[in-house]
Amino acid sequence: MSETPLVRVARFLERTTAEGPGERSAIWVQGCSIRCAGCFNPHLFGTRGGTPTTPESLVDRVVAAGTSGVTLLGGEPFEQAAGLAAVAAGVRRAGLTVMTFTGYEYAYLRTSADEHVAALLSATDLLVAGPFRQDLIDHERPWVGSTNQEFLHLTDRLADVTGPDRVEVTVSATGDIAVNGWADSDTLDALLAGLPAGRARPSAH
């Protein structure tokens with residue numbers, strides 16, 4: 001049995017073009033103590049819920065998806081740094097790229113004494129850092145919610161951060177509706193208007 005902590009996975013999306021450059025897999029983790037006001041994913045704040053999953057199985061799912069890499073979102077990925085560092089390192093060993101969103105500032109993470117935080121930074125190609133600020137909505141850059149959030153190229157593997165914001169809507173065989181990607185709240189409200197109550201849940205970044 002692996003000694004690496006399990007990852008509490010709120011959602012695994014095999015393929016998406018709305019969560020970073022190119023076609024990627026995406027993993028939303030459960031639990032975030034930052035709790036930004038106006039966050040689109042308040043249902044991911046609590047540490048209850050999610051599916052405990054081994055890092056090895058997540059790497060296998062990402063590699064099997066055949067995408068260019070994985071995007072880690074939340075919840076807060078750096079609050080599960082040990083497990084996600086193992087995921088990111090495994091994905092990188094397979095020749096794929098890693099993009100990580102965090103509500104923490106990069107300067108805070110860089111000076112952390114937690115070796116797992118350093119390991120996740122080391123295995124990340126593109127970091128998007130900083131808390132979401134609902135008073136600073138970003139209408140220009142793709143994927144980020146507010147203008148204070150930084151793109152940090154920790155390697156040269158994901159140099160292109162241009163592209164449109166996208167919203168993806170997935171309807172399961174049972175009729176549940178999942179939304180991911182980024183749009184301002186007015187756009188999302190208009191998109192979700194008229195959908196059956198309780199059947200639609202966003203997982204934005």
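A nonpolar core is taken here as a set of buried Ala, Val, Leu, Ile, Met, Phe, Trp, Tyr and Cys residues joined through side-chain atoms within 4.5 Å, where buried means under 20% relative accessible area, exposed over 50%, and partly exposed in between (1.4 Å probe, protein chains only). The model is a predicted one, so local features need pLDDT of at least 70 and side-chain atom pairs count only at pLDDT 80 or more, while totals for chains, interfaces and linings use all residues. Residues are numbered from 1 along each chain as its sequence is written, and side-chain values use heavy atoms, with hydrogens and water left out.

The largest nonpolar core has 29 residues, and Ile27, Phe78, Val87, Val91 and Leu120 touch the most other members. Among the elements that each supply at least two residues are strand E1 (7-16), H1, strand E4 (69-73) and helix H4 (115-122); helices (H or I, at least four residues) and strands (E, at least two) are DSSP runs, numbered from the N terminus. H2 is the top contributor, with 6 residues. A second, separate core of 14 residues includes Leu13, Leu44, Trp143 and Phe151.

As for the helices themselves, the axes of H1 (residues 55-65) and H2 (residues 81-93) come within 9 Å and cross at roughly 35 degrees. Axes are lines fitted to C-alpha atoms, for helices over the stretch in contact, and angles run from 0 to 180 degrees between N-to-C directions. Pro55, Leu58, Val59 and Val62 in H1 meet Gly83, Ala86, Val87, Gly90 and Val91 in H2.

Then there is the sheet: open, 7 strands, in the order E3-E1-E2-E4-E5-E6-E7, with mixed pairing; strands pair if DSSP finds at least two bridges between them. E3 and strand E7 (150-153) sit at the edges, each pairing on one side only. The twist averages 30 degrees from one strand to the next. H1 packs on this sheet, touching E1, E2, E3 and E4, and its direction makes about 5 degrees with that of E1. H2 packs on the sheet too, touching E1, E2, E4 and strand E5 (97-102), with its direction at about 155 degrees to that of E5.

Leucine 44, from the second core, is found in the loop between strand E2 (24-29) and strand E3 (51-53). Leucine 44 is buried, with a relative accessible area of 4%.

Terms used:
Contact means heavy atoms within 4.5 Å.
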